[in-house]
Amino acid sequence: MSGAVTTVPSGSAQRGCVAIIAIAIVGLFILMAIFAPFLAPHDPTAADLFRRLQPPFWLDGGELSYPLGCDSLGRDILSRIIYGARVSIFIGVIVVLLATVIGVLAGLAAGYLRGWIDTVISGLVDILLGFPYLIFAIGLMAMMGPGVGNIILALACKEWVIPCRVVRGETLAAREMVYVEAARAIGASQRTIMLREILPNILAPVIVVATMRIAQVIILEASLSFLGLGVQPPTPSWGAMVADGRSFMLDAWWVSTFPGLAILLLVLSINLAGQALREALDPKLRD
Amino acid sequence: MAEPLLRIRDLRVAFTTQRGTIRAVDGVSLDVAQGECLGVVGESGSGKSVTFLAVMGLIRGQGRIESGSIRFDGRELIGLDHTTYRTLRGREIAITLQDALTSLNPALTIGTQIEEVLHAHATLPRIGRSRAVRDLAVEMLRRVGIPAPESRLSDYPHQFSGGTRQRIMIAIALCCRPKLLIADEPTTALDVTIQAQVLELIGAMRQALGMSVVLITHDLGMVSEHCERVAVMYAGQIVETGPTDQVIAAPAHPYTRGLLASIPRLTELKRILMPINGQVPEPDEISAQCRFMPRCRYASDACRQPIEMRAVAADREARCILVGHAP
């Protein structure tokens, strides 16, 4: 968590504004995902071949009832983006939750107990860090086959090393604190010391990292779906939608562009919100 | 005479460092009787804290207990398994660590921290347990003199002053009514007025609970006011023990004499303070001779040999060849 932005009085109000907008956008995406059936104007899987590659409403041939146009099977792009948010956010949150739980436990054990447990966990972390993320996920997906459950497993298998490294580092510092010694002196067990004394003190960076990683996982899910290894049709997924549109890029740019913009907007907003969260949780930046 | 509550015999604790093995505690023997207050005095690095960390079984990492015996309440502590040791800590022997200001977990409310000890040790009925634990926590805070304890249970350590945090530490230590309290420099970093209050509190709690207290400090004045007996430590060894008033009135060891001569007194304003020249030897510079010799005014060739503790009077010993001879 080095390189924290220093607070400049004139910029802080502006940054606060950006943070609020970012959080609002993330909130909108979440609401969109939850209430997708009520918000989507059309069935996201209903094909209508008369509307193949129909342009967005402001172009010639567009209709207001299909505001962002249609894809090569004549499905409403807006509806598919709204439903696609469900998949992206669900996978992002579940993978990061799973990875954080595993990573926190492994990191605490490695950092506090040291010894052979640390050697094993740190070795595993180093090996996993050596693999490029996408290659690792592609390999696992190829073995397990596509599907939402398998994407979650494949991504979580590698994602846990990130919270694990953060937690291990923080634990190494925290275990030397006097209050940990004091807890030992009152007869606290190792489990109590790890979960009740150390964990609350190192939670802030873990939460910030988890928030930021949701954005990364969303990109990874989109990449896997783009490559055809992710969410399978007909379930709408932003990555798969971008992939669908790439053969019509010159004739019908909207098919790929709008889901791509959705990914950009959500990931950017999550990152900005995470940044704001970090500043809010960092005691050094708190007034 | 009944066995003392705590009996340490010939304790040796060594630390492995890059410069080799350093023996921080080298052959310490001392007794703490039931209900007694023992002062342990010495400069920084004399091994007083390490001795009592060993009693708590908290020597870890590079350190290890090489030899010796620690008997507490009729039970040998060295070699005790971890689980049994854990049930002793906090329940039978409690310690307040040197740095009280950082001994409280900054992320937990003080209520949580007090209740944690009670949950770990106290035998309370399962039904209504959390209620009982809360009541006990409030009761302990009241006893250590924290006003409106109910409303402060949900406060975090940074919301308390240094003296109050030390009081809370004492409350945590005394929650389970231990038989022995080890107070490791309980007043460093506190104002003088607060120091007096904290020591009075420890004294009062000792009376109320009938426990023994070990007061680790470098302040002889504090020892003379609060302790019945004193042990002076120098470079990992005890150099003088005895009843406090006798040791202070007529110190037998040149080091104790030097310590007393370097304290300013209001009654003798014109007296010139006598500092002890030189420094405590580094643990790896210690050789097989009197450890205080390089700084001693009375040093002679006879001091170039290991010195044993010699009886000065009944219940008084000192580690100096001059004992028994007029200096």
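**Reading two chains by their cut-offs**

Mentor: Along its sequence, chain A runs α-α-α-α-α-α-α-α-α-α-α. This is a predicted model: local features need pLDDT of at least 70, side-chain atom pairs count only at pLDDT 80 or more, and totals for chains, interfaces and linings use all residues. Residues are numbered from 1 along each chain as written, chains are lettered from A and ligands numbered from 1 in written order, and side-chain values use heavy atoms, without hydrogens or water.

Trainee: How many helices and strands does chain A have?

Mentor: It has 11 helices and 0 strands. Both are DSSP runs numbered from the N terminus: helices are H or I with at least four residues, strands are E with at least two. The C-alpha atoms of chain A fill a box of roughly 75 × 50 × 30 Å along the principal axes.

Trainee: Why is A:Phe38 called exposed?

Mentor: Its relative accessible area is 69%. Exposed means over 50%, buried under 20%, partly exposed in between (1.4 Å probe, protein chains only). So A:Phe38 counts as exposed. The residue lies in helix 2 of chain A. By the buried cut-off, 49% of the 287 residues in chain A are buried.

Trainee: What makes the nonpolar surface patch?

Mentor: A:Leu28, A:Ile30, A:Leu31, A:Ile34, A:Phe35, A:Phe38 and A:Leu39 make it, over about 720 Å². Patch residues have over 30% relative accessible area and no salt bridge; nonpolar side chains (Val, Leu, Ile, Met, Phe, Trp, Tyr) are joined within 5 Å, like charges within 9 Å. Areas come from the Shrake-Rupley method with a 1.4 Å probe, and for residues only the protein chains shown count as cover. Helix 1 (9-34) and helix 2 (36-39) of chain A each supply at least two residues. Helix 1 of chain A gives the largest share, 4 residues.

Trainee: What makes A:Asp71 and A:Arg75 a salt bridge?

Mentor: Their side chains meet at 3.1 Å, N to O. The cut-off is a side-chain nitrogen of Lys or Arg within 4 Å of a carboxyl oxygen of Asp or Glu. A:Asp71, at 4% relative accessibility, counts as buried. So does A:Arg75, at 9%. The whole structure holds 28 salt bridges over all chains.

Trainee: Which parts of chain B does the pair B:Lys48 and B:Glu185 link?

Mentor: The pair meets at 3.6 Å, N to O, as a salt bridge. B:Lys48 sits in helix 1 (residues 48-56) of chain B, and B:Glu185 in the loop between strand 7 (180-184) and helix 7 (192-209), 137 residues apart. B:Lys48 has 4% relative accessibility, so it counts as buried. B:Glu185, at 8%, is buried.

Trainee: Why is B:Glu240 called buried?

Mentor: Its relative accessible area is 0%, so it is buried. Its salt bridge to B:Arg316 spans 2.8 Å, N to O. This pair joins strand 12 (residues 316-318), holding B:Arg316, to strand 10 (residues 237-243), holding B:Glu240, 76 residues apart in chain B. B:Arg316 counts as buried at 6%. Elsewhere, salt bridges with shared partners join B:Asp10, B:Arg12, B:Arg23, B:Asp26, B:Arg64, B:Glu66 and B:Arg291 into one network.
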